[in-house]
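Keep the viewer open as you read.

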Amino acid sequence: MSPVERDTISFSFLPISGTEPVEWRISDDLVDYETALLEMDERVKRIISGEASELVWLLEHPPLYTAGTSSNDTDLVAPDRFPVYRTGRGGQHTYHGPGQRVAYVLLDLKKRQQDVRAFVSALEAWLINTLWHYHIRGERREDRVGVWVRRPDRGHDVEDKIAAIGIRLRKWVSFHGISFNVEPELEHFSGIVPCGVTEHGVTSLVDLGIPVTMAENDSVLRAEFEKIFGPVTQAQD
């Protein structure tokens with residue numbers, strides 16, 4: 001078995017036959033967080049009513065912190081540094097900012113699997129397989145959501161988080177999604193305890209020595225997404 005076969009994850013979260021391709025939308029400019037929430041909310045309503053197709057929306061936010069439904073106020077170390085948004089997604093505190101690819105994943109699980117754990121596993125597999133494109137081994141942890149990278153160069157048992165997952169469901173339609181660190185300002189994470197984890201750090205592709213552009217990584221994300229979730233069609237903005 002080759003290293004690529006060993007370190008990618010075979011996972012399927014495909015839709016039932018006859019389902020329209022997922023719309024794949026990329027926003028080039030920074031998107032205000034509240035604007036994104038409103039647009040997601042409206043799109044979820046239209047997906048539920050059958051008026052719109054599923055959507056993956058790739059974007060970057062200006063610097064901000066979000067607090068999920070399990071967040072602890074003590075994990076907000078610098079509350080006045082950036083705007084803080086309370087959000088209905090699962091999880092704890094997260095940073096978003098330029099250089100981090102946020103992908104809001106709006107899928108109808110009734111057309112796939114009505115299984116939240118399987119959906120989260122599919123998102124993890126998508127991220128892990130994307131990382132292996134660069135021959136970086138991403139790993140999941142039973143006690144922590146997200147994708148982690150071992151850092152033997154920094155010491156025994158040292159590992160950093162490179163991607164976060166936080167989702168919400170409404171009538172089995174998902175929203176919110178994943179954040180993937182391409183080249184964010186890692187020091188900005190110091191204003192929070194990311195996802196409530198104090199004993200590990202945060203990394204990015206560029207921090208790991210992968211000088212990839214956002215557009216190049218988007219192409220990898222799209223290819224790996226289609227393997228797990230099915231075909232996409234480019235949005236016509």
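Rings of Phe, Tyr and Trp (its six-membered ring) pair if their centres lie within 6.5 Å; planes under 30 degrees apart count as stacked, over 60 as edge-to-face and the rest as tilted. With that rule, searching the whole structure turns up 12 aromatic pairs. One of them is Tyr 33 with Tyr 85, a tilted pair at 5.0 Å centre to centre with 40° between the planes. This pair ties together distant parts of the chain, 52 residues apart: Tyr 33 belongs to helix H2 (residues 33–48) and Tyr 85 to strand S4. Helices (H or I, at least four residues) and strands (E, at least two) are DSSP runs, numbered from the N terminus.

A word on provenance: the model is predicted, so local features need pLDDT of at least 70, side-chain atom pairs count only at pLDDT 80 or more, and totals for chains, interfaces and linings use all residues. Residues are numbered from 1 along each chain as its sequence is written, and side-chain values use heavy atoms, leaving out hydrogens and water.

Now for burial, where buried means under 20% relative accessible area, exposed over 50% and partly exposed in between (1.4 Å probe, protein chains only):

| Residue | Relative accessible area | Class |
|---|---|---|
| Tyr 33 | 1% | buried |
| Tyr 85 | 17% | buried |
| Gly 68 | 6% | buried |

Gly 68 sits in the loop between strand S3 (64–67) and strand S4 (84–86). Gly 166 lies 98 residues from Gly 68 in sequence, yet their C-alphas are 7.9 Å apart.

Elsewhere, ring pairs join Phe 13, Trp 24, Phe 119, Trp 126, Phe 225 and Phe 229 into a cluster.
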